[in-house]
Amino acid sequence: MKALDAILRKLGAMTIGGVWRLGFAARFFMAVLRYSGQSFLRLPLMIREVYFSGVLSLLIILVSGLFVGLVLGLQGYDILQRFGSSDALGVMVALSLLRELGPVVAALLFASRAGSAVTAEIGLMKTTEQLQAMDMMAVNPLARVVAPRFWGGVISMPLLAAMFSAMGIFGGWLIGVVAIGVDDGAFWSQMRAAVSFRYDVLNGVIKSFVFGVAVSWIAVFEGYDCQPTAEGVSRAITRTVVYSALAILALDFVLTSFMFRGL
Amino acid sequence: MSPSVPGDSLVCLDGVRFAYGEREILRGVDLAVQRGQVVAIMGGSGCGKTTLLRLIGGQLRAGSGKVVVDGQDLGRLSTHALYAMRRRMGMLFQFGALFTDMSVFDNVAFPLREHTGLPAELIRDLVLMKLHAVGLRGAQSLMPSELSGGMARRVALARAVALDPMLMLYDEPFAGLDPISLGVTGQLIRRLNDALGAASIMVTHDVKVSLDLVDYVYFVSDGTIVAHGTPEEIRTSKDPFVYQFVHAEADGPVPFHYPAPPLASLLDGGVA
């Protein structure tokens, strides 16, 4: 009975702690939005963050996009040729990437590459009292450090997802058309006919924007809220990657269920 | 024995209490600092000195009592007003807290660029003047990772005085410095304070350097001011706490042993 009591207490404490932290994160998010105006007025700060989050993530995004495209090309051809519709390979590759794989895989990579870096940077700034020093110099760290990094991530994410999808389609074309010999004209014309800008492309962009907000929010919050020790920063980075991955996959389900119901 | 009449003080704490949750750190602190003074707050580790400094800087708000800086009660200030107040304060953190992604020059230029809107040439001149004052004009293009601990502290000092503050706060300015850097930092603190006509408050446990440097000393123990006076009064004090601290005695009012059951109880088969 005592053991059950202890478990229930622990469960209760964890639930209350979790809800409290979620509430704190929500208030933090609102504060970041409140101080975002100043970031937009200081464009060089924002451009620097887009460079760090976006441009420096390009290599991993492009290489991964290419490999995902290559795999899609192989798998897609293998399945489609069973039904005698290997000409539809372009459609399959493009829709898979634009609707799902582009936003989701790019966001997962972005969380591991850029999200973790943002958490580490903010966490270390906190650990070495740089955020406090800034605050004591009457410069709000939320406006000067957090908001530019948040928006740098939000702006980068859809662009990276677009690059990922483009590279994936190229990979699919390489395998399908160049290596296997699917008709080049059919590959592109079927894709152009079947892919709707509003339904497929735009929904994909909306997804990647939402993922960008989620990942950037988690990354800046975990950095800002970490324990100011080496262990605290390392835990915060782990949490950023884990929570971001879970948030991306859960949000993807929610968004997909609203966007693509086949009705 | 109080150093000044609170009315003409730049900083005045009146019955300040503060707690982190249930844990009470300060239990009614009264303290006053006049313009032009360098004041040391001393005490053992974890006695609430740094908390006191944070209250004066407005980073923490007192649970009860008043923290008045330049006639304004910090507890009643809005964030905007507090930031306006902080533009006239400088703080030196224990390890400098330099921005690691900026050069020495950009670190010192940071507060000027954020707050003044001065043209770049003028900011350059001001930064070089401040760096010259701490003897590091030649290090302007170095990155913080290329500096020694003492140099980083001096750069941070140049940054803290960039806006010519009326009040300087120092958190353990001598911790971890070699004897030369320690002497240089001490002299700089005094010289800058006199040149700026500011008031300085330093939290430290370096008795020897501090007593040669400061105008007044407060001793904090267990969340209250247990003694205060001029360096001369402190040196000749018979107060057991002050005596133990100044003469670095291992045992005294601050016990050597962490609280534990009496040794005799262990002999009777008790558990430690």
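Here are some exercises with worked solutions on the predicted model above.

**Exercise 1. Work out the strand order of the open sheet in chain B, and find its edge strands.**

Step 1: Start with the order. The open sheet in chain B has 6 strands, and they line up as 6-7-8-3-9-10.

Step 2: Look at the two ends of that order. Strand 6 (89–92) and strand 10 (224–229) of chain B are the edge strands, as each pairs on one side only.

Step 3: Check the directions. Strands of a sheet can pair in parallel or antiparallel fashion, through backbone hydrogen bonds. The pairing in this sheet is mixed. Ignoring direction, neighbouring strands are turned by 20° against each other on average.

**Exercise 2. Describe the surroundings of strand 3 of chain B: is it buried or exposed, and which strands does it pair with?**

Step 1: Count the buried residues. In strand 3 of chain B, 5 of the 5 residues are buried, so the rest of the structure largely encloses this strand.

Step 2: Sort the side chains by direction. B:Val38, B:Ala40 and B:Met42 point one way, while B:Val39 and B:Ile41 point the other way.

Step 3: Go to strand 8 of chain B. It runs parallel to strand 3 of chain B, and 5 bridges join the two. Here B:Val38 stands opposite B:Ser200.

Step 4: Now try strand 9 (residues 216–221) of chain B. It also runs parallel to strand 3 (residues 38–42) of chain B, with 4 bridges between them. B:Val39 has B:Tyr216 as its bridge partner, and B:Met42 has B:Phe219.

**Exercise 3. Look at strand 6 of chain B: which strand does it pair with, and which helix touches both?**

Step 1: Find the pairing. Strand 6 of chain B pairs with strand 7 of chain B in the parallel sense, over 4 bridges.

Step 2: Follow the side chains of strand 6 of chain B. B:Met89 and B:Met91 point one way, B:Gly90 and B:Leu92 point the other way, and all are buried.

Step 3: Helix 1 (residues 49–56) of chain B lies across strands 3, 7, 8 and 9 of chain B, at about 155° to strand 8. Helix 5 (residues 149–160) of chain B packs on the sheet and touches strand 6 and strand 7 of chain B, making about 170° with the direction of strand 6.

**Exercise 4. Explain why the buried residues of helix 3 of chain A line one face.**

Step 1: Pick out the buried residues. In helix 3 (residues 43–53) of chain A, they are A:Met46, A:Glu49 and A:Ser53.

Step 2: Look down the helix axis. These buried residues fall within an arc of 60°, so they line one face of helix 3 of chain A.

Step 3: Check the other side. There you'll find A:Leu43, A:Pro44 and A:Tyr51, which are exposed.

Step 4: See what the buried residues pack against: helix 2 (36–41), helix 5 (89–127) and helix 7 (141–180) of chain A.

**Exercise 5. Find out how many residues of each chain take part in the contact, and what kinds chain B brings.**

Step 1: Count by chain. Chain B gives 13 residues and chain A gives 10 residues.

Step 2: Locate the helices on the chain B side. Helix 2 (79–86) and helix 3 (104–115) of chain B each supply at least two residues. The largest share, 3 residues, comes from helix 3 of chain B.

Step 3: Sort the chain B side by type. You get 7 nonpolar, 3 polar and 3 charged residues.

How values were computed: Residues numbered from 1 in each chain as written. Chains lettered and ligands numbered in written order. Predicted model: local features only at pLDDT ≥ 70, side-chain atom pairs only at ≥ 80, totals over all residues. Pairing = 2+ DSSP bridges. Axes fitted to C-alpha atoms, helices over the stretch in contact; angles between N-to-C directions. Contact = placed C-beta atoms within 7 Å. Buried ≥ 20, exposed ≤ 12 C-beta atoms within 10 Å, placed from the backbone. Arc of directions from axis to C-beta. Nonpolar A, V, L, I, M, F, W, Y, C, P; charged D, E, K, R; others polar.
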